[in-house]
Amino acid sequence: MIDRRSLMLGAAAFGAAPMLMSGTAEAQAIDMLKIFCPAAPGGGWDQTSRTIEQVLRTTNLVKGVQVTNVPGAGGAVGLPQFLNNWKGQGNSLMVAGMVMVGSLLANKSPLRISQTIPVAGLTGEFEAIVVPAESKFKTLKDFADALKADPSKVPVAGGSAGGTDHILLGMIAKELGVSPAKASYVAFAGGGPALAALLGNQVAAGISGYGEFSEQVKAGKLRVLAISADKRQDGIDAPTMKEAGINLELFNWRGVFAPPGVSAADLAAMTDLMKKMTASKEWSDACKQRDWTQTTMFGDDYKKFVDNENTRIEAILKDLGLA
Amino acid sequence: MEGFHSLLNGFAIALTPINLMWCLVGTTLGTAIGVLPGLGPALTIALLLPITFKVEPTAAFILFAGIYYGAMYGGSTTSILLNTPGESASIVTSMEGNKMARNGRAGAALATAAIGSFVAGTLGTLGLAFLAPIVVDWALKFGPADYFSLMLLAFVTVSAVLGSSAIRGLAALFFGIWLGLIGIDLQTGQARFTFGLQELLDGINVIVVAVGLFAVGETFYMASRAHTGEDEITPLKGSLMMTKTEWKRSIGPWLRGTLFGFPIGAMPAGGAEIPTFLSYYTERKLSKYPEEFGTVGAIEGVAGPEAANNASAAGVLVPMLTLGLPTSATSAIMLSAFQSYGINPGPLLLTSQANLVWGLIASLFIGNVMLLVLNLPLIGLWVKMLKIPAPQLYAGILVFATIGTYGITQSPIDLVMLYLIGGVGYFMRRYDFPTAPVIIGMILGPLAEQNFRQAMTISAGDWTVFFTRPLSLTILILAALALMGPKLYSLATRKTA
């Protein structure tokens, strides 16, 4: 159970068998799906991997699923392994998303997510900008005015520099005509410490996935100024950024990618598998339970989306002085 | 006494046979993974997350909490016996604990660690049951500026382990700070000192460094002077259990350790390591037997830090259960387990899931008793390990250290790192550099730096925040007193004499 890596070595030997048979087998008969998760157990990508495993098993779409975790640097450690060691393995998928795009750019990695084959976009989490309940900022406009007046006086908490939260702040600043690099961003190691800083009134505002804040908002300890979704959300008493006058939309998206060099037949089988999975009730229930917005996209549509995001994120990271 | 009533209700839930079984499984598993270096509670719970699909929530959380507490217990065993800390909170334990073990007092060291863990765990859980709302309000008042001052106070503790030469000690400290800075900088997202190696982007794990310096370095050193007859291990001197004096010497450290561990553990950026440093320093200063520290091993130096790290485990659960705030890797994963049950952990948890929370708290009391019962009889067995002849024992340590390190991330790079640092450890030992400051620097250095920069960003570059915030100022004054106090005192008494 612990030593998944050695399991994987065994599985790699077995991996050859289904590939040899793939010519005769039917498309849906994928015996063993191998998921490559370039993050530690517990995080967003790992949860996505485990949810895929769970849904595929309960719906009997595959016989078995194996998850391999290779954590490090927002996926920058895992990606080279996936590109090299998993090349051509038709029964494998990598779970990754927007964070990897940003991390590769910020770490000046020569690799890009586009070196893999985007198979399906699965989920997205919109971001929320919140303030402590006692804050003088009542609306996004109050916050925006203060930011325009003097960005150094408005410290905003979020996750690590160059991550989704930082990118959103940079985009907001840019929309308001403030230099993104001037925005006063306080990076915390993860959602917990950032949330603590907000609850303790140490910072003026905070940015993170809405799920991080939802319970504190319900308890009346935090107030949502706006969310970065495309439309209003049930149960969230806050406008979208666009409604509040800042023309922005941002999702922390996640999806699955195939390694380079897989055959067209394998790719079709994987796409088909993901189509069946995302259409299942089990999948939509799991997404609802975890507050994930379903953003189902496949093949070329998804590739185009990933390429666009790459361009957009690279631009804002340059403005932030990080890429 | 509404809390008392709820707690009784919690005991009714935790004492059902099935929940007792989960508690036993959790504490046993926790002890086992605590013993293995590398495999910590966070990783274990993450790997066990899929059981949330099969088991009802109360049972799952009783299991997870058992693992968490058990790991805190188990971590001390290898620290004391093999100088190989299982997790970062028991690094300090190995400093005095292993010295004691080499001088025939392994039994007493293990006993004071186990009983101290029990005392601190129980007091900490009482604190969690009755003081949680007060403690959490206070803990949230700490901002980055206050944390920075707290780190400065913790840095003073280095002076207790500098050894005979301050220059060597400080060199070791700065080496540790440098090791800690390797990796991606949180505030800018840029890599520092990684030499282009992707594997270094997430930094070097402090456990790898501790095991490398203490266990591997020590083994190299022993191998280099084989057959000289020096540094022989005495398996047992006197009684296996603690003597009356040892009991007396332990009680104070246990209680003081708890007082450091619980509140600092409850702070969002507090953690388990800082209270162990503070406790070690305090005990060294207060002890009536200062000559035993760093030589034959002082029991106070085991009792205090062990109590501190167990009390901090209870402290960490305070913000998690009252606010849904994950402040450690383990609690973050436990929170994600809440989510897979569709339970949203947050400020409303205590009211919406009262049975779950109180059942969990009651199971912590029960788990503590189980751990004590489980661990005390094992001491006799553990001590026998020291009778293994040195070559075999050290070979065993190497194997153990290697497997444990590989278990952290399954990365071969970590193994290379382990032996490189083991080599450094050998030279440090050979040329009389103390190794403990490396660990202190590695843990505190990056924390102090990040908090300093967070404080500076928030204050828009205003340096005076450290003196204008009451909490920060108080801690700074304490740090100054701890650093200068003893010197000034001796100066003053000399003049009057």
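Helices here are DSSP runs of H or I with at least four residues, strands are runs of E with at least two, and both are numbered from the N terminus. The model is predicted: local features need pLDDT of at least 70, side-chain atom pairs count only at pLDDT 80 or more, and totals for chains, interfaces and linings use all residues. Residues are numbered from 1 along each chain as its sequence is written, and chains are lettered from A and ligands numbered from 1 in the order in which they are written.

Stay with this pair and select residues 378-385 of chain B, which form helix 17. The axes of helices 6 and 17 of chain B come within 9 Å and cross at roughly 140° (axes are lines fitted to C-alpha atoms, for helices over the stretch in contact, with angles from 0 to 180 degrees between N-to-C directions). The two helices of chain B are therefore oblique to each other (angles under 35 degrees count as roughly parallel, over 145 as roughly antiparallel, 65 to 115 as roughly perpendicular and the rest as oblique). On helix 6, display B:Ala106, B:Gly107, B:Leu110 and B:Ala111; their partners on helix 17 are B:Ile379, B:Trp382 and B:Val383.

Next, select residues 57-82 of chain B, helix 4, together with residues 106-130, helix 6. Their axes lie 10 Å apart at an angle of about 160°, which makes helix 4 of chain B roughly antiparallel to helix 6 of chain B. This crossing is right-handed. Residues of helix 4 that meet helix 6 include B:Tyr69, B:Met72 and B:Tyr73, and among those on the helix 6 side are B:Ala113, B:Ser117 and B:Gly121.

Now bring both chains into view. The contact takes 45 residues from chain A and 45 residues from chain B (two residues are in contact if their C-beta atoms, placed from the backbone, lie within 7 Å). On the chain A side, helix 7 gives the most, with 6 residues.

The mean for chain A is 82, and 90% of its residues reach 70 or more. Select residues 1-28 of chain A, where pLDDT stays under 50. Where pLDDT is low, the predicted coordinates should not be read in detail.

Key
Left-handed = near helix turned anticlockwise from the far one by under 90°. pLDDT = per-residue confidence, 0-100.
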